[in-house]
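Please look at the sequence and the model below, and turn the model slowly before reading on.

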Amino acid sequence: FEQYMSAYNELMGKLTNIVLIYSAVAIFLIPIVRNVFWGGEVSWVLNTSFAIFAVIFSFSIFFTIRLIIPKDVKYLEMPQKYYNACRIKYEQIAQDRMVLEDFLKASYITDLEDSLEINSQILVRKYNFYFNALIFALMALLPYLVCFWFYVSNERDSITKGTEVVKIRDF
């Protein structure tokens with residue numbers, strides 16, 4: 001049980017990997033969007049790359065949101081339940097002390113198995129969400145880099161067009 005809880009906490013700690021990728025993308029996202037929609041020059045490569053980036057990145061965001069949505073984990077009942085409620089119920093069925101203790105152990109083990117099964121399923125789903133979010137974020141970087149390259153080349157062209165070369169003789 002403890003092992004699943006620590007694995008769940010470790011998984012949520014890995015969320016920083018995805019956030020790091022999102023931060024890197026966010027640095028130039030607004031200038032790239034401006035370049036795509038209001039850049040003047042229409043390039044099918046830029047528009048296609050941006051559309052592919054937007055779709056893949058949206059999938060990554062979807063899986064990240066699914067990852068961070070809290071899910072109720074199953075906890076074991078307090079031992080008081082087994083000592084009081086279950087014991088009273090089982091005393092009506094069995095009169096022998098050994099049989100009664102076996103019933104109590106069996107009900108505890110059944111609850112433990114249920115908790116482990118539910119927590120295991122939650123953990124597997126969260127790992128799948130993390131894996132999908134990370135893979136889609138990494139895949140979105142490829143078309144993002146194409147868009148970034150267009151943005152940088154546009155900026156370089158606008159800088160060179162706006163400056164004049166001054167000869168040392170004329171200075």
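Tyr22, Phe37, Trp38, Phe50, Phe53, Phe57 and Tyr144 belong to one aromatic cluster, where rings of Phe, Tyr and Trp (its six-membered ring) pair if their centres lie within 6.5 Å. The model is a predicted one, in which local features need pLDDT of at least 70, side-chain atom pairs count only at pLDDT 80 or more, and totals for chains, interfaces and linings use all residues. Residues are numbered from 1 along each chain as its sequence is written, and side-chain values use heavy atoms, with hydrogens and water left out. A search of the whole structure finds 13 aromatic pairs. The rings of Phe37 and Trp38 have their centres 5.9 Å apart and their planes at 55°, so this pair is tilted, given that planes under 30 degrees apart count as stacked, over 60 as edge-to-face and the rest as tilted.

How far can the prediction be trusted along the chain? The predictor's confidence in each residue is called pLDDT and runs from 0 to 100; the chain averages 81, and 78% of the residues score at least 70. Among the elements, helix α4 (residues 44-68) has the highest mean pLDDT, 94, whereas helix α5 (residues 79-93) has the lowest, 67. The chain has six helices and zero strands, both taken from DSSP runs numbered from the N terminus (helices are H or I, at least four residues; strands are E, at least two).

Helix α3 (residues 29-38) shows how a helix can have two sides, with Pro31, Ile32, Asn35 and Val36 buried. Buried means under 20% relative accessible area, exposed over 50%, and partly exposed in between (1.4 Å probe, protein chains only). These four residues are on the same side of α3 because they cover an arc of only 135° around the axis, the arc being that of the directions from the helix axis to the C-beta atoms. The face turned away from the buried side of α3 carries the exposed residues Ile30, Phe37 and Trp38. Phe37 counts as exposed at 54% relative accessibility, and Trp38 is exposed with a relative accessible area of 66%.

Which residues have the most contacts inside the largest nonpolar core? In this core of 25 residues they are Ile18, Ile32, Phe50, Phe53, Phe57, Leu67 and Tyr130; a nonpolar core is a set of buried Ala, Val, Leu, Ile, Met, Phe, Trp, Tyr and Cys residues joined through side-chain atoms within 4.5 Å. The elements giving two or more residues to this core are α2 (15-27), α3, α4 and α6 (97-162), and α6 gives the most, with 10 residues. Leaving aside residues up to four places away in sequence, Phe53 touches Val25, Leu29, Ala140, Pro143 and Tyr144, where contact means heavy atoms within 4.5 Å.

A second, separate core of five residues includes Ala7, Tyr8, Val73 and Leu123. Tyr8 lies in helix α1 (residues 2-13) and is buried, with a relative accessible area of 14%. Not counting residues up to four places away in sequence, Tyr8 touches Lys71, Ile122, Leu123 and Lys126. The C-alpha atoms of Tyr8 and Tyr127 are separated by 8.7 Å, although these residues are 119 residues apart along the chain. For the chain as a whole, residues 24 or more positions apart account for 86% of the contacts with a separation of 6 or more.
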